[in-house]
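Try each one before reading its solution.

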Amino acid sequence: MNSKPALEINDLTVAYKFKPVLWDIDLDVPEGVMMAIVGPNGAGKSTLIKSILEIVKPIAGDIKILGKSYRNARSEVGYVPQKGSVDWDFPTTVKDVVLMGTYGNLGWIRRPGRLQKVEAEKALKKVGLSDFSHRQISQLSGGQQQRVFLARALVQDANIYFMDEPFQGVDATTEKAIINILKELRQRGKTVIVVHHDLQTVTDYFDWVTLLNVKKIASGPCTEVFNEKNLELTYGAKFTLAVDQ
Amino acid sequence: MEFINFFIDLFSDYTTRIIGIGTALLGIVSGVLGAYATLKKQSLLGDAVAHAALPGIAIAFLITGTKNPIIFFAGAALSGWLATLWIMGITRNTRIKTDTALGMILAVFFGIGLVLLTYIQKLPNANQAGLETFLFGQAATLLKSDVIAMGIIGFGTIVIIILLWKEFKLFTFDPQFAKSLGYNTRFLDILLTSLIVLAIVLGLQAVGVVLMSAMLIAPAAAARQWTDRLDRMVILSAAFGALSGLTGTAISSYGANISTGPTIILSSVSIVIFSFLFAPGRGLVAKFLMREKNRRNLALNKVISEMYEICSSHDSPTHQHSVAILKTLPGFSYRMIRQLKEKDLVEVDSEKQWHMTAKGIKAAKQIKDLGGAE
């Protein structure tokens, strides 16, 4: 693992209507790791990703992705938003949604062509949805929706991926399929940053972890920072009872 | 044929033809933009904009003292825009939610508009007559020049929609992802909202402030029933809009002195009702039939597996059983026996004795493998 930072955050503070959501975050994530962001509800996990992608405007702070500002790193970034952030009854097909992953490189007005369509088919095959290409998206199950979003991010062909709860509402088989794809991304040298909820699987799936609760509690290799003390600091004292089973 | 002739006769009149073309154009523009407004869950914004345009029209008249449509149009657009900005500002900067902000701004602007309108009507000046037609619309006041202006604006709108097709689709479906890709979503939002405001203001003269929002929502809602593709939905919505414009004009000009606004809206609402009932897939009738079919299939499968149970309790598969014992099965009806016979799954002889065919046994085994239900 080389030590060049994939993500470098200094003094990041974000507030929604006067209420601080993220407070003075400093974060360094080396290239090529697979990192989980964990923390209780309202800890600012999604907001952290959204500020990195400049969807949310921070009050203060400086963020560098692969050593560059977001504007310059954009074509190297892939994003899987929360599944619930869109209306799945929207009149469009699976393939169309996946094609949206190519819109970033296409820029204004240019339409996706044959090349982009081939990429979309490849990504759909990878997530096991080739047969669903022409399905209307409302006919998908939760797990399939999640895989459509993953395919869209794969089409972005990025070097660093941000995923907001990609395992939310999926069954065990789909979870395994998704994690295999993520591991393959890491093997190809990509950095993968995932908002994650299931503390039981953190050490199995990820090699790096950030514990977050408005402030950064800890960040580093799982083996060093994913321990009871930090979990208690993140989730509160009552928490230990819930995990030790 | 008679109906078509009636239409041809009706539109052979110059004035009616101008009005027909005008309202059809209006239907196309508001149909196209209505598709985006409903998908963005902004259909109510249209209502607020339409009502908020009234004070703009009144003030434009008070300042200029003329009834020039272009000046009305500018006044309406300006106050509609102002209301939209205000609504967006309130939702962004306070804890007040969109629906509340919409309701407040709509009421305030419309109230001011009505006050100004009554004030204008009391002015000692004969020129003000006709301003109140903006409430319910009077397509008869459309002139050729108005229709040409509508045509130009409509054409411009459609060119923008086609050029930025991919951007508007992405922005309407997933604005956050659009932003992460580097698209200027603020610009797209303002552009799309401006086009919606424009479409609404365009229709005020013909349809009126009170009903204009339906012109935006109804064709889109109807179109959504028939298709699951955005492109088809937008085209259908435009077609429904044009159709209701033409039908509304026809009705209004046939039964003299009926305001066009209500007749156009009633036409488009008829299309909506028809679509909600009869569209394949999403329509209520289709859904009902589908559910009935599923229910019957399920019941039939259940009876087949029960029959199979009865058969397998005997050594020979051709052992005859009485039809009477089937009556005890839950959900059994004699119609089922007929269906099973037609499908060649069961044979029944003249003495009302039945046995399952080889095909029937195979079918029963398949159902069992699927866990009893399809």
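**Exercise 1.** Find the helix of chain B that holds T260(B), then work out whether T260(B) is buried or exposed.

Step 1: T260(B) sits in helix α13 of chain B, residues 260-278 (helices are DSSP runs of H or I, at least four residues, and are numbered from the N terminus). This is a predicted model, so local features need pLDDT of at least 70 and side-chain atom pairs count only at pLDDT 80 or more, while totals for chains, interfaces and linings use all residues. Residues are numbered from 1 along each chain as its sequence is written, and chains are lettered from A and ligands numbered from 1 in the order in which they are written.

Step 2: T260(B) is buried because it has 28 C-beta neighbours inside 10 Å (buried takes 20 or more other C-beta atoms within 10 Å, exposed 12 or fewer, partly exposed in between, with C-beta atoms placed from the backbone).

**Exercise 2.** List residues that T260(B) touches, leaving out those up to four places away in sequence.

Step 1: Among them are T23(B), G137(B), A206(B) and S252(B) (contact means C-beta atoms, placed from the backbone, within 7 Å).

Step 2: Take G137(B): 123 residues separate it from T260(B) in sequence, yet C-alpha to C-alpha they are 6.3 Å apart.

**Exercise 3.** How far apart are the centres of domain 1 and domain 2 of chain B?

Step 1: Get the bounds: domain 1 is 2-282 and domain 2 is 286-369, from an automatic or database domain assignment.

Step 2: Taken over C-alpha atoms, the centres lie 58 Å apart.

Terms used
Helix = DSSP H or I, 4+ residues; strand = E, 2+ residues; numbered from the N terminus. Contact = placed C-beta atoms within 7 Å.
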